[in-house]
Every structure is written in structure tokens, then in C-alpha cells.
Amino acid sequence: HSALLGEFGGTDDDVLFSAALDANFELTMRFTAEFSIRPFLRARLAQTLQRLGQRVDDPNPHIRRLISEGTRPRLPWATHLQAVRTDPTLTLPLLTALRDDPDRYVTRSVANHLGDLGKDHPGLLLETCRVWLDELGGPSSAAAKERRWLIRHALRHPAKKGLPAALALRRQAA
């Protein structure tokens, strides 16, 4: 079982750690591995984030999604990643690298992850969305339309609560 790789097969030994992470990358191409990557994040956060960062340009969308989904601080039905809830800047570089991914499967995960960060750090969510929206400028390409969708999706929870800044950003992203 993939979760055993993280719990028992590689968090203490460098060689096993690397091999077990590689196994997670292989597994996620066949079925999701966002739950089995979490023990690596808890045991070796910096090393795991570094390895994930090396794969943001992977040709396989399942691996790119694993990078965002597996590091979500409030992944449903999983233990929360307290380190990321405390310091959301840990995963923000990964989200930034994946924000214009060509696959909606990946960008939906980025939006959900950003929304999770906003539950603990609403100012960071609003500022990130504002920056990502401002970066678009000029005419609207297909990639720009997708990023606008991502921003609207990331802001859906604070917008439902009526937060004026979230509502305004969602309107700007329309």
C-alpha cells in the first residue's frame, strides 16, 4: 500500500526516502498519491518540497497535480499539514509555478490549495489573487482565461461569506 511507503519505507534513510518518493511519483500516474506523500512532508518537509519543486515541469499532469494536491494544508479526509497552515509561504512557490498549467486537472488543485491557504491566511489569498490577476494585463489569451477561472475558484469560499475584497477580485477576474 502506498501509505506504507511514507510511514515505514523511507523517511529516516536517505536512499529509501528517495526511492519511496520516486515510487509515489510512479504510483500517482496510475492512481492518486496525495495521501501517501503526506508522511514525507511531515518527516522531511524541506527535502520533500525541494523534490516536488524539481517536478513542477513534469510532462505528466498527475505528477504536477500531486505537487499541489499532496501539499494542500487542509486536504479533505487527510491529516492537516500544520507546518503549511502555519507558514503558507512554504508551498506558494509550487502554486506559482503551476498556476498557468495547461491542464484544468492541475489548476483546479492549485485553486483548491490556494483556497485552503486562505482559510488560515485570508490576506495572503487576497494578495496572491490580486498579484496573479494584475500580472495578466493586456489581451485575454486562453491561458489568461484559465488563470482568471483559477482565481475565481480560489476565492469562492470568502466570496460566499460576502467578503467585499473577495467579491471585488472575483468580479475583476470575470
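1. **Ground rules.** This is a predicted model, in which local features need pLDDT of at least 70, side-chain atom pairs count only at pLDDT 80 or more, and totals for chains, interfaces and linings use all residues. Residues are numbered from 1 along each chain as its sequence is written, and side-chain values use heavy atoms, with hydrogens and water left out.

2. **Helix 2.** Helices here are DSSP runs (H or I, at least four residues), numbered from the N terminus. Helix 2 covers residues 14-28, and its 15 residues should span 21 Å at 1.5 Å a residue; the end C-alpha atoms are 21 Å apart, which agrees. The expected span is 1.5 Å times one less than the number of residues. Phe17, Ala20, Leu21, Asn24, Phe25 and Thr28 are the buried residues in helix 2. Viewed down the axis of helix 2, these buried residues fall within an arc of 150 degrees, so they line one face of the helix. For the cut-offs, buried means under 20% relative accessible area, exposed over 50%, and partly exposed in between (1.4 Å probe, protein chains only). The arc is taken from the directions from the helix axis to the C-beta atoms.

3. **Helix 4.** Within helix 4 (residues 45-53), the buried set is Thr48, Leu49, Arg51 and Leu52. Their arc around the axis is only 160 degrees, which puts them on the same side of helix 4. On the face turned away from that buried side, you will find the exposed residues Ala46 and Gln50. The cover over the buried residues of helix 4 includes helix 2, helix 3 (38-43), helix 5 (61-69) and helix 7 (92-98). Contact here means heavy atoms within 4.5 Å.

4. **Arg72.** Have a look at the loop between helix 5 and helix 6 (82-86), where Arg72 sits. Is Arg72 buried or exposed? At 8% relative accessibility, Arg72 counts as buried. Leaving aside residues up to four places away in sequence, Arg72 touches Arg38, Leu81, Asn112, His113 and Asp116. With Asp116 there is also a side-chain to side-chain polar contact of 2.8 Å. A polar contact is a pair of N or O atoms within 3.5 Å; within protein, one must be able to donate a hydrogen and the other to accept it, and residues adjacent in sequence count only if both atoms are side-chain atoms.

5. **Trp77.** The loop between helix 5 and helix 6 also holds Trp77. At 84% relative accessibility, Trp77 counts as exposed. Its backbone deserves a glance: Trp77 has a positive phi of about 65 degrees although it is not a glycine. Most residues other than glycine have a negative phi.

6. **Tyr105.** Tyr105 lies in helix 8 and, at 35% relative accessibility, counts as partly exposed. Which residues does Tyr105 touch, not counting residues up to four places away in sequence? They are Pro61, His62 and Arg65. The side chains of Tyr105 and His62 make a polar contact of 3.3 Å. Tyr105 and Arg64 are 41 residues apart in sequence, while their C-alpha atoms are 9.2 Å apart in space.

7. **Thr107.** Helix 8 is the place of Thr107 too, and at 0% relative accessibility Thr107 counts as buried. Beyond residues up to four places away in sequence, Thr107 touches Leu98, Arg99, Asp101, Glu146, Trp149 and Leu150. Side-chain atoms of Thr107 and Glu146 form a polar contact of 2.6 Å. Thr107 and Arg65 are 42 residues apart along the chain, with 8.0 Å between their C-alpha atoms.

8. **Helix 9.** The 13 residues of helix 9 should span 18 Å at 1.5 Å a residue, and the end C-alpha atoms are 18 Å apart, which agrees. Leu125, Leu126, Thr128, Cys129, Trp132 and Leu133 are buried in helix 9. They cover an arc of only 165 degrees around the axis, which puts them on the same side of helix 9. Their cover includes helix 7, helix 8, helix 10 (142-154), helix 11 and helix 12 (164-173).

9. **The largest pocket.** The largest pocket has a volume of about 150 Å³. Its lining consists of Gly115, Gly118, Lys119, Pro122, Leu125, His157, Pro158, Lys161 and Leu163. Helix 8 (104-120), helix 9 (122-134) and helix 11 (156-160) each give two or more residues to that lining, and helix 8 gives the most, with three. On a 1 Å grid over the protein atoms alone, a pocket is an open set of points where a 1.4 Å probe fits, with protein on both sides within 12 Å along at least five of seven lines; lining residues have an atom within 4 Å of a point. The volume is the space filled by probe spheres set on the points.
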